Amino acid sequence: MRKKKRNKILLTLAEAVFVFCVSAVPVFASGDVAGAIQSTWTAAQSQIRTVVDNVVFPVVDMILAVLFFVKVGTSYFDYRKHGQFEFAAPCILFACLIFTLTAPLYIWSIL
């Protein structure tokens, strides 16, 4: 019984190695790869910048704003219930909101 199980495991392992070797394709970069990446970034930078500034940051800002106000509300109700206001979560969400609101001003100079 052990020999049968060992043979089955070895056969499965051999099949996996065979499939890996057959499906592996060697890739060799020839030419100026960095230049290609840089030219692609230069060509698409204005489009990426427009999408990020007009879509991504406003969506993230809206999500953080909703989460911030919900957390402030739940913290207030917890304060009324227990007499202790939890500042950590609203402060973290507020800091993240300020970061994402001001990020379009400086993020492109970093990149």
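Predicted model: local features only at pLDDT ≥ 70, side-chain atom pairs only at ≥ 80, totals over all residues.

Biologist: Where does Lys8 sit?

Modeller: Lys8 is part of helix H1, which covers residues 2-23.

Biologist: Let's zoom out, then. How many helices and strands does the protein have?

Modeller: There are three helices and zero strands. Going along the sequence, the pattern reads α-α-α.

Biologist: What is the radius of gyration, and what would a compact globule have?

Modeller: The protein has 27 Å, whereas a compact globule of 111 residues would be near 13 Å. Along the principal axes, the C-alpha atoms fill a box of roughly 70 × 55 × 20 Å.

Biologist: What share of the residues is buried?

Modeller: Buried residues are 12% of the 111. The exposed surface comes to about 9400 Å², and carbon and sulfur atoms supply 71% of that.

Biologist: Okay, back to single residues. Is Ser75 buried or exposed?

Modeller: Ser75 is buried, because its relative accessibility is 2% and buried means under 20%. Ser75 belongs to helix H2.

Biologist: Which residues does Ser75 touch?

Modeller: Leaving out residues up to four places away in sequence, Ser75 touches Phe85, Glu86 and Pro90. Pro90 is itself one of the buried residues of H3.

Biologist: Which others are buried in H3?

Modeller: Besides Pro90, they are Leu93, Leu97, Thr100, Ala103 and Trp108. Helix H2, residues 33-82, is included in what covers the buried residues of H3.

Biologist: Where is the kink in H3?

Modeller: The kink lies at Ala103, shortly before the proline Pro104, and is about 65 degrees. Helix H3 spans residues 88-110.

Biologist: Switching to charges: how many positive and negative side chains are there?

Modeller: The protein has 10 positive and 6 negative ones, and the centres of the two sets lie 25 Å apart.

Biologist: Last one: what share of the contacts joins residues at least 24 apart?

Modeller: Among contacts between residues at least 6 apart in sequence, that share is 60%.

Methods
Residues numbered from 1 in each chain as written. Heavy atoms only, no water. Helix = DSSP H or I, 4+ residues; strand = E, 2+ residues; numbered from the N terminus. Rg over C-alpha atoms; globule rule 2.2 N^0.38 Å. Buried < 20%, exposed > 50% of the residue type's maximum accessible area, 1.4 Å probe, protein only. Contact = heavy atoms within 4.5 Å. Areas by Shrake-Rupley, 256 points an atom, 1.4 Å probe, with all protein chains shown as cover. Lys, Arg positive; Asp, Glu negative; His and termini not counted. Charge placed at Lys NZ, Arg CZ, Asp CG, Glu CD. Bend = angle between axes of the 7 residues up to and from the residue.
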